[in-house]
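Student: I have a model open and would like to go through some of the terms used for it. Can we take them one by one?

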Protein chains: 2
Amino acid sequence: MSKFWSKRTHELDPYVPGEQPKNTQYIKLNTNENPYPPSAQVLQSIHDASSGDLRLYSDPNADELKQAIADYYAKYAVEKNNVFVGNSSDEVLAHTFVALLKHDQPLLFPDISYSFYPVYCRLFGINYQMIPLSDHFDIQPEDYSRTNGGIIFPNPNAPTGKALSLQTIETFLTQHPDSVIVIDEAYVDFGADTAIALVRQYKNLLVTQTFSKSRSLAGLRVGFAIADAELIAGMERVKNSFHPYALSREAIAGATASIKDAKSFENNRQKIINTRERITPLLEQLGFSVIPSSANFVFAKPPAGHTAEQLYQQLKQQNILVRYFNAPRIEQYLRITMGTDDEMDTLLETLRLILAD
Amino acid sequence: MSKFWSKRTHELDPYVPGEQPKNTQYIKLNTNENPYPPSAQVLQSIHDASSGDLRLYSDPNADELKQAIADYYAKYAVEKNNVFVGNSSDEVLAHTFVALLKHDQPLLFPDISYSFYPVYCRLFGINYQMIPLSDHFDIQPEDYSRTNGGIIFPNPNAPTGKALSLQTIETFLTQHPDSVIVIDEAYVDFGADTAIALVRQYKNLLVTQTFSKSRSLAGLRVGFAIADAELIAGMERVKNSFHPYALSREAIAGATASIKDAKSFENNRQKIINTRERITPLLEQLGFSVIPSSANFVFAKPPAGHTAEQLYQQLKQQNILVRYFNAPRIEQYLRITMGTDDEMDTLLETLRLILAD
């Protein structure tokens, strides 16, 4: 506390990311990173961008990257002015909250979801209501039938990994034509259908994605949004009132190369999906209840006689990091990121020993 | 305009950066970039960081970079918890406005200054008053003797290039002990004394700097702030409510290498100072009035019979970009960034021909 802090700063309850240990002894299954590195051609593009030209500003509009993303989604008639890019999808979400989700009526989002949403609301002074998931951890359109100033949820949801169909998302879009509906697709590439397919049809839809998970670039910090040009124009107004040069030369070059490198992207995400499908029944054999996941993680409840918190600690002692949330309704679950198959085998073997103990 | 935009978004008046043409035909003297590239060791550090580890998040606390900055300023007893880092000094300033400059009383800043300050105020709903510079374009402490919620100005000021002494800055600090005083030192390395020397003495002082100008890294996007640990803690609260992983792996590595590479930094900034000192009398010989500059640019008024706007256009036709501001009191000046000596000779020769015409 400080007399120099603004009132708002005193009220903040900042986001706490998963542990990022400095040493590398851990098998890191706690922050949904991709176990496979970016491709050689992505790294080469970043190297090429790290030249003497770094003395010059990057393109404030990141046109090259926006065009590459538009081209990638050309089948959905996405054009460059439907694309917004930022320094991580967290930043893209932050600008979305300011530009499109701050209204007199409360913003709605699920009560078990990305825990950053209420943090943004506090930072930007946005009135919000959290809507509990169903008993089976589902996001149900009928629960959102109330006056609102916007709706946001991840698809697949985090940390449950459960996905909604595009049909259900259309129900949200048609039932709330005067609200912006934001679909946060950080994990969509691992098994859900992207709502980008609906962007040209619904002027109230904004979809966010990230290069951090399916594209193996968490360390580069790039995210993007796709929406009707009018929504994107609002986002640009906010971004250009915050920092016009959001992306470095490396970020623009690396993300552009990544979006053009469909082959290694498809290859890696399929490997991760295969690992998840292989691991899920094996966890169930160990007595875990595993929620069917469409993401690069599973949300799993340990067998009777073991608490999630205790198991998290025991795994950490064995140099395996998973994510434990000390929060109502989910304090009996662990979120386990899909690592390489070798890493997952080590996890399973370690769990076997702990549970047999 | 859109019914989906927030009220705030409608009210924004976004910042307009200097032209960043995609083609490279221009001698670019318009956005205060450094004419000399970053050193080989800085580029090597960025290359090394662009490895398979990009799949992993960067350090959200950027400890390595903070420690390097603290070490660099160890002579002023700066420690790691006195350092804040962000994705450009624009972002560092944005967080500063939210964390420390939003209070009931108005924020004060000069009326000829970095034109981003009122943009932040609109974005964050901060009440502000602009204090006119003196007739000689000076920032005078006596003009700020009024109730306020904070004071911010660049030193040297932009676009005038005029610097204040540390003694004058201490006058601000002692006259406003309950306000945060922010000194924006984007250009300090080109000829002013850094107020970082005063940080351990004044709990109400925050100093911002950037890697974009004197460190030749505009394309990497890194800025920082130094202040009492309590002010920094407020900044961290805001940053961790916005995007915890602000800096990429490349940004952390490149900025750290740059701050450790004192030799090429000293060499480049001295070359730029020498160019400025050589060019100023030559511009005066051509009939320009040149404000004595402590920055990497000069603010110069063309000789009678020529308007700044016209001259800006004429130079652009000759493939030389300088900055023209269509704003009261400064619409008769051009801001000319120091390029290489060859580039400045071309500028002088071109001006000679235009003025003789």
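Tutor: This is a predicted model. In chain A, the centres of domain 1 and domain 2 are 26 Å apart, taken over C-alpha atoms.

Student: What makes up domain 1 and domain 2 of chain A?

Tutor: The domain assignment gives 19-37 + 263-356 as domain 1 of chain A and 40-260 as domain 2 of chain A. Their contact takes 22 residues from domain 1 and 19 residues from domain 2. Contact here means C-beta atoms within 7 Å.

Student: Which elements of chain A each supply at least two residues of the side of domain 1 that touches domain 2?

Tutor: They are α9 (262-285) and β10 (297-301) of chain A. The largest share of that side, five residues, comes from α9(A). By class, that side of domain 1 of chain A has twelve nonpolar, six polar and four charged residues.

Student: Which residues of helix α10 of chain B are buried?

Tutor: In α10 (residues 308-317) of chain B, the buried residues are B:Ala308, B:Leu311, B:Tyr312 and B:Leu315. A residue is called buried if 20 or more other C-beta atoms lie within 10 Å of its own.

Student: Why do the buried residues of α10(B) line one face of the helix?

Tutor: Seen down the axis of α10(B), they fall within an arc of 105 degrees, so they line one face. An α-helix has 3.6 residues a turn, so residues three or four places apart point the same way.

Student: What do the buried residues of α10(B) pack against?

Tutor: They pack against β11 (320-321), β12 (323-324), β13 (334-337) and α11 (341-356) of chain B. The face of α10(B) turned away from the buried side carries the exposed residues B:Gln313 and B:Gln317.

Technical notes: Residues are numbered from 1 along each chain as its sequence is written. Chains are lettered from A and ligands numbered from 1 in the order in which they are written. This is a predicted model: local features need pLDDT of at least 70, side-chain atom pairs count only at pLDDT 80 or more; totals for chains, interfaces and linings use all residues. Domain bounds come from an automatic or database domain assignment. Two residues are in contact if their C-beta atoms, placed from the backbone, lie within 7 Å. Helices (H or I, at least four residues) and strands (E, at least two) are DSSP runs, numbered from the N terminus. Ala, Val, Leu, Ile, Met, Phe, Trp, Tyr, Cys and Pro count as nonpolar, Asp, Glu, Lys and Arg as charged, and the others, Gly among them, as polar. A residue is buried if 20 or more other C-beta atoms lie within 10 Å of its own, exposed if 12 or fewer, and partly exposed in between; C-beta atoms are placed from the backbone. The arc is that of the directions from the helix axis to the C-beta atoms.
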